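Open the model in your viewer and keep the selection tool ready. Each stop below tells you what to pick and what is there.

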Amino acid sequence: MQVKGKGTKQLSSMQPGDTTDILLPLGNGFPDTEGDCLILAGGMGIAPVFSLLRSTEKPTLIYGARTESELFALDIIRETNSEFIISTDDGSTGEKGDVISVFSRLFPDFHGNILACGPDAMISSLRRATEGKNVRAFVSLEARMACGVGACSGCAIRTKNGMKRVCRDGPVFDIAELIM
């Protein structure tokens, strides 16, 4: 677990048997897809796509992180029905490069569905890499959510259809709708 703020700090200090309250689920998930499906995950973005690996017919996963030590749950990924490609920015394991450069190199003519989750820089790169191509891409955005119900607008993002709240209108959006 990476400690990024107050919430992950509290979670990282929990001991077996401790309990906490969680408000779930928030927003909407990935749409059902037909045909070829490529799943892209960057860093901790692997967490939201685990269910996709089990529910999508013959998915291919590209999962990457900056370095080998930042890759999570490889044993769980190996237990799924998916084909997978691991990448690291520094080349310490798998393909060398970030998830989007590996996608662009290995799947230059991909026409199908892309389901992705990762840091904002990865999502921006994916948007540029798929622009003008015959690809449907849906992304789960990572955002700090203060209230979790859309009241505070702390997680608001710009879209072609105005401001949207990640907690209520997302976290999954059609990438073509995003302004980045």
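Start with the lining of the second largest pocket: its residues divide into 4 nonpolar, 2 polar and 5 charged. This is a predicted model, so read each stop as a feature of the prediction.

**Stop 1: the pocket.** Select R127, T130, E131, G132, V135, R136, A137, K160, D174, I175 and A176; these residues line the second largest pocket. Now color by element. Two elements, α5 (120–130) and β6 (136–140), each give two or more residues to this lining. The volume of the second largest pocket is about 150 Å³.

Stop 2: Move to Q2. Q2 sits in the segment before α1 (6–12). Show its contacts, leaving out residues up to four places away in sequence: Q2 touches T8, M44, R66, E70 and F72. Pick the C-alpha atoms of Q2 and E70 next. They are 8.9 Å apart in space, while 68 residues separate Q2 from E70 in sequence.

**Stop 3: F72.** Stay with one of the contacts of Q2, namely F72. F72 is found in the loop between β2 (60–65) and α3 (74–78).

**Stop 4: from F72 to A47.** Draw a C-alpha to C-alpha distance between F72 and A47. The value is 8.8 Å, with F72 and A47 lying 25 residues apart in sequence.

Methods:
Residues are numbered from 1 along each chain as its sequence is written. This is a predicted model: local features need pLDDT of at least 70, side-chain atom pairs count only at pLDDT 80 or more; totals for chains, interfaces and linings use all residues. Side-chain values use heavy atoms; hydrogens and water are left out. Helices (H or I, at least four residues) and strands (E, at least two) are DSSP runs, numbered from the N terminus. Contact means heavy atoms within 4.5 Å. On a 1 Å grid over the protein atoms alone, a cavity is a set of points where a 1.4 Å probe fits but cannot get out, and a pocket is an open set with protein on both sides within 12 Å along at least five of seven lines; lining residues have an atom within 4 Å of a point. Grid points are joined across faces, edges and corners, and a volume is the space filled by probe spheres set on the points. Ala, Val, Leu, Ile, Met, Phe, Trp, Tyr, Cys and Pro count as nonpolar, Asp, Glu, Lys and Arg as charged, and the others, Gly among them, as polar.
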